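Work through these exercises with the model open. Each task is followed by a stepwise solution.

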Amino acid sequence: MTPEHAEILSKINAYAEKTLADIDPQKTPISYQLEKLKPVMEEIAKEKGMSVEDVFILYMDLASEVAMKAETQFQSELRDSGLV
């Protein structure tokens, strides 16, 4: 992940923490969640000269990358502790 990508992910995640703080992500449709994130994605798109769609795709890719790294780390810790 590049520093620019890390900055974008951080900005969206910080916005999400404030905007989506009162919802249950398991019970709230993803379309609603994404609609709530649209203002920050529009802002980033304007700053970076990208389309909102490209910012959304980048966000999803970066979030997947972070989730995959976290899962790999978790599995490694389980193996190291002898639980797997």
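## Glutamine 33

Glutamine 33 is found in helix α2, where helices are DSSP runs of H or I with at least four residues, strands are E runs of at least two, and both are numbered from the N terminus. This is a predicted model: local features need pLDDT of at least 70, side-chain atom pairs count only at pLDDT 80 or more, and totals for chains, interfaces and linings use all residues. Residues are numbered from 1 along each chain as its sequence is written, and side-chain values use heavy atoms, with hydrogens and water left out.

**Exercise 1.** Decide whether glutamine 33 is buried or exposed, then list its contacts beyond four places in sequence.

*Solution.*
- Step 1. Take the cut-offs: buried is under 20% relative accessible area, exposed is over 50%, and partly exposed lies in between (1.4 Å probe, protein chains only).
- Step 2. Glutamine 33 has 12% relative accessibility, so it counts as buried.
- Step 3. Contact means heavy atoms within 4.5 Å. Leaving aside neighbours within four places, glutamine 33 is in contact with Leu20, Ile23, Pro25 and Thr28.

## Fold and dimensions

**Exercise 2.** State the order of elements along the protein chain, and set its radius of gyration against the globule rule.

*Solution.*
- Step 1. There are three helices and zero strands in the protein chain. The pattern along the sequence is α-α-α.
- Step 2. The rule is 2.2 Å times the number of residues to the power 0.38, and the radius is taken over C-alpha atoms.
- Step 3. For 84 residues, a compact globule would have a radius near 12 Å; the protein chain has 15 Å.
- Step 4. Along the principal axes, the C-alpha atoms fill a box of roughly 50 × 30 × 20 Å.
- Step 5. Of the 84 residues, 20% count as buried.
- Step 6. Take contacts between residues at least 6 apart in sequence: 53% of them join residues at least 24 apart.

## The nonpolar core

**Exercise 3.** Which residues have the most contacts inside the largest nonpolar core, and which element gives the most to this core?

*Solution.*
- Step 1. A nonpolar core is a set of buried Ala, Val, Leu, Ile, Met, Phe, Trp, Tyr and Cys residues joined through side-chain atoms within 4.5 Å.
- Step 2. The largest one has 14 residues, and Ile12, Leu37, Met41, Ile44, Val55 and Tyr59 have the most contacts inside it.
- Step 3. Two or more residues come from each of α1 (3–19), α2 (30–48) and α3 (52–80).
- Step 4. α2 gives the most, with five residues.
- Step 5. In soluble globular proteins, nonpolar side chains tend to be buried together.

## Valines and a phenylalanine

**Exercise 4.** Find the contacts of valine 55 and of valine 40, not counting residues up to four places away in sequence.

*Solution.*
- Step 1. Valine 55 is in helix α3. It counts as buried because its relative accessibility is 1%.
- Step 2. Its contacts are Ile12, Met41, Ile44, Ala45 and Met50.
- Step 3. Valine 40 lies in helix α2. Its relative accessibility is 3%, so valine 40 counts as buried.
- Step 4. Valine 40 touches Lys11, Ile12 and Tyr15.

**Exercise 5.** Classify phenylalanine 56 as buried, partly exposed or exposed, and give its C-alpha separation from glutamate 42.

*Solution.*
- Step 1. Phenylalanine 56 sits in helix α3.
- Step 2. Its 29% relative accessibility is why phenylalanine 56 counts as partly exposed.
- Step 3. Phenylalanine 56 and glutamate 42 are 14 residues apart along the chain, with their C-alpha atoms separated by 9.4 Å.
- Step 4. Beyond four places in sequence, phenylalanine 56 touches Leu34 and Met41.
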